[in-house]
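Trainee: Please walk me through this one, starting with a helix.

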2 protein chains.
Amino acid sequence: MHYFNYKKNDLYCEEMLVSDLANKFATPLYVYSQATLLDHFRKIKKAFTALNPLICYSVKANSNLAILKVLVKDGSGLDIVSGGELYRAQKVVCSGKKIVYASVGKTTKEIKEAINYGILMFNVESSPELARINAIAASMHKNVKVALRVNPDVEAMTHDYITTGKKDTKFGMDIATVRNIFLNGAKYPNLKIVGIHIHIGSQITKSSPFIAAIKRVNKLIDVLRGKGIILEHLNIGGGLGIIYNKETPQTASDFAKKVIPLLKKSGLKIVLEPGRFIVGNAGALIAKTTYIKETPFKRFVIVDAAMNDLLRPSLYEAYHTILPVKKVKYKSSKLSDIVGPVCESGDFLGKARALDVGENDYIAVLGAGAYGFAMSSNYNSRPRAAEVLVNGKEARIIRKRESYKDLIQKEII
Amino acid sequence: MHYFNYKKNDLYCEEMLVSDLANKFATPLYVYSQATLLDHFRKIKKAFTALNPLICYSVKANSNLAILKVLVKDGSGLDIVSGGELYRAQKVVCSGKKIVYASVGKTTKEIKEAINYGILMFNVESSPELARINAIAASMHKNVKVALRVNPDVEAMTHDYITTGKKDTKFGMDIATVRNIFLNGAKYPNLKIVGIHIHIGSQITKSSPFIAAIKRVNKLIDVLRGKGIILEHLNIGGGLGIIYNKETPQTASDFAKKVIPLLKKSGLKIVLEPGRFIVGNAGALIAKTTYIKETPFKRFVIVDAAMNDLLRPSLYEAYHTILPVKKVKYKSSKLSDIVGPVCESGDFLGKARALDVGENDYIAVLGAGAYGFAMSSNYNSRPRAAEVLVNGKEARIIRKRESYKDLIQKEII
């Protein structure tokens, strides 16, 4: 579900004509729908009402301050993975009590900043990290809450690069290691080791991998309870898949129905970390066609957005639906590759698509809300795009377009 | 050849201890060797002396102003692909007469900027682009020089994403189309169509694809000469491979020996566009190990640099040599994955490497001068690294490290 729809031949984002936005703010342009954002957040909240979980939006999916503010105001907490994301959480005045912090490589500086801010807990990914946090907490005379990230060794059935719950990935710890840490918790006097965290991957469209993972940690929770170790939190991470093309992912409510009984069994306070599910379909990348290039071998729609704006097609061979912002009948019925101006063959947004557009038309790349702008770069010395947030009949800029001057601001000849 | 070498157990960049640089400027840090940069530029220049070519360094490989300045001062021209790169060329006061501009997606604004700056020529990639430049030139009452980019349909034997001379890529035009344009040059009264451009890909280690491509365009040049059409320039692009691992690429002089006879035959002024060849091995990414994580399945060296700093391993499965900055004997002889803190499995710098380092040690990722910083991003809200240029016993910062504040500078809550 999202609010990018045609009325007759024109694409709208909520009540705004996308072509008006492109004319006003220029292209390439990220356009987000606030209604879509909130709709997805509230769907998860509603689906899990029975558990009253802490929902921590995964900042890495889209970290724009305005996006974070909308979600935090609506009651969301934040799942962060770096000091930079903590800084963002501060800027939108997110209560520390609603912040969880995962990452395999938290630095000493980042750990100190997070302790100072009073985050709810660290999701700890290794024994050396546990020792480090304990030592830092001791030096700060603090007692710090942590969850241990369990690597449940399940197959998430998604792209290798975003599978994170297999035993040979860098994430989390195997169950035996986690059990041992819990049994020897006294080794870490400045830590309260009270949670278990799992996060098995991204863009997962079925419930079975989640169920398998939760069952494994439930068993561990039971074993620990038997030894008198009582936990507080079970964080099941994020990873819910969305529709990019013809996927038929589980809805939030289907997913909830399947996992709530298992989560209730754990007896713990539940934490969820949705990112893509909330923001993925809330954003579109709007571009303008620069040239239509017909070769004897192929038709290319060359646009002014590129892999530096949206890396997912190139990096993950990800599919994004691409639509004309205005439906016009041209003559061409050939399939086209939609490509950017960056000088490599890896610079494409879509391949072999039916996209009937001419020169200087606008196109919309849907499903670009998550891991879109967040992964953008200045490759080929391209200033990064502007971002606009639409709310009903209003649109406001939430990130200004970069200028040439911005490109060199930190450089010294 | 490069100037990153050990003296006893310490890695040096020219006369500077890399560990001193890392201590002083912090990590992740890009370190460049000016001697390596100039050495490679001069090697190409020397190898092609017989032709006195125009060498246009390919800005996209590494666009830092200080790097550009070093090369421009030594006589290099610039190969640009965007308005942002033209802006950089202006900042280092590169003469327009030494600038060539390629890209499949030049916008009207970019074309105007380049004409205003008085660049030597556009490398034109399609008929619609040719028409556009002609119209813009007419509106500006200018006469503009262009080369036509020929897609010679040769296999460069490199990664698909950086192969650019096959007929089904978005680059250039097939030979028949190019011949027709030359024969109908009168259609474009504001253009002087006087050059041919080829660029068949990147990181090409053999001369055979170049030879095949040059032979094809030589034939075309002969045909045109027969029709009374006399060209001025032949631009053979870049693409010379370098050593990342165990490649044995041709040297500049081997390459020159093979192609000079063919280029002489063309009778035209030669343009070269080396990028990676000049800057690739002139840069290293220095990182610090955050944790050594031993799992029952694998050993991970977790460092403070990530895919946002150096995307090549993740995007192209590219191999980079990774060395300890100080050789110390630890106990571990296990192979390690060298990974960053970014929350995806695609975030790695090297896999299954013998790298005997402990916590808080520095490592150097070699061959990071080209397409390293240029492709970096703020993914996971990570400020981008600083860049340092070493010249003998001196090191100076050429790009300041980004701060948390920089991350949100353009955002509006």
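**Helix H4 of chain B and beyond**

Trainee: What covers the buried residues of H4(B)?

Mentor: The cover includes helix H12 (404–408) of chain A, along with helix H3 (65–73), strand S6 (77–80), strand S7 (99–102) and helix H5 (108–117) of chain B. Helices (H or I, at least four residues) and strands (E, at least two) are DSSP runs, numbered from the N terminus. Buried means under 20% relative accessible area, exposed means over 50%, and partly exposed is in between (1.4 Å probe, protein chains only).

Trainee: And what am I looking at here, in terms of ground rules?

Mentor: This is a predicted model, so to speak of local features we need pLDDT of at least 70, side-chain atom pairs count only at pLDDT 80 or more, and totals for chains, interfaces and linings use all residues. Residues are numbered from 1 along each chain as its sequence is written, chains are lettered from A and ligands numbered from 1 in the order in which they are written, and side-chain values use heavy atoms, with hydrogens and water left out.

Trainee: Back to H4(B): how many of its residues are buried?

Mentor: Seven of the nine in H4(B) (residues 83–91), so the helix is largely enclosed by the rest of the structure. They are Gly83(B), Gly84(B), Glu85(B), Leu86(B), Tyr87(B), Arg88(B) and Ala89(B).

Trainee: What happens at the start of H4(B)?

Mentor: Ser82(B) has a side-chain oxygen within 3.3 Å of the backbone nitrogen of Gly84(B). For polar contacts, the rule is a pair of N or O atoms within 3.5 Å; within protein, one must be able to donate a hydrogen and the other to accept it, and residues adjacent in sequence count only if both atoms are side-chain atoms. After the helix comes Val93(B), with a positive phi near 55 degrees.

Trainee: H3(B) was on that list of cover. Which of its residues are buried?

Mentor: Leu65(B), Ala66(B), Ile67(B), Leu68(B), Val70(B), Leu71(B) and Val72(B). At its start, a side-chain oxygen of Asn64(B) comes within 2.8 Å of the backbone nitrogen of Ala66(B). Just after H3(B), Gly75(B) has a positive phi of about 110 degrees.

Trainee: Switching to loops: where is Ser103(B), and what is it in contact with?

Mentor: Ser103(B) sits in the loop between S7 and H5 of chain B, and at 1% relative accessible area it is buried. Its side chain reaches the backbone nitrogen of Gly105(B) at 3.0 Å. Skipping neighbours within four places in sequence, Ser103(B) is in contact (heavy atoms within 4.5 Å) with Pro341(A), Cys343(A), Val81(B), Asn123(B), Glu125(B) and Glu129(B).

Trainee: And what does Asn380(B) touch?

Mentor: Lys60(A), Val81(A), Ser82(A), Glu85(A), Pro341(B), Val342(B) and Cys343(B), again not counting residues up to four places away in sequence. Asn380(B) lies in the loop between S18 and S19 of chain B and is buried, at 3% relative accessible area. Its side chain reaches the backbone nitrogen of Cys343(B) at 3.2 Å.

Trainee: Is Tyr371(B) buried or exposed?

Mentor: Buried, at 7% relative accessibility. Tyr371(B) is in the loop between strand S18 (362–365) and strand S19 (386–391) of chain B, with a positive phi of about 55 degrees although it isn't a glycine.

Trainee: What about His141(A), buried or exposed?

Mentor: Exposed, at 74% relative accessibility. Phi of His141(A) is near 55 degrees, a positive value in a residue other than glycine, and the residue is in the loop between helix H6 (127–139) and strand S9 (144–149) of chain A.

Trainee: Which residues does a cis peptide bond join in chain A?

Mentor: Thr27(A) and Pro28(A), with omega about -5 degrees. Pro28(A) is in the loop between helix H1 (18–25) and strand S4 (29–33) of chain A. In chain B, a cis bond joins Thr27(B) and Pro28(B), with omega about -10 degrees.

Trainee: Last topic, chain A overall. How many helices and strands?

Mentor: Chain A has 12 helices and 20 strands. Its radius of gyration is 23 Å, close to the 22 Å from the globule rule for 413 residues, so it is as compact as a globular protein of that length. That radius is taken over C-alpha atoms, and the rule is 2.2 Å times the number of residues to the power 0.38. Buried residues make up 67% of the 413.
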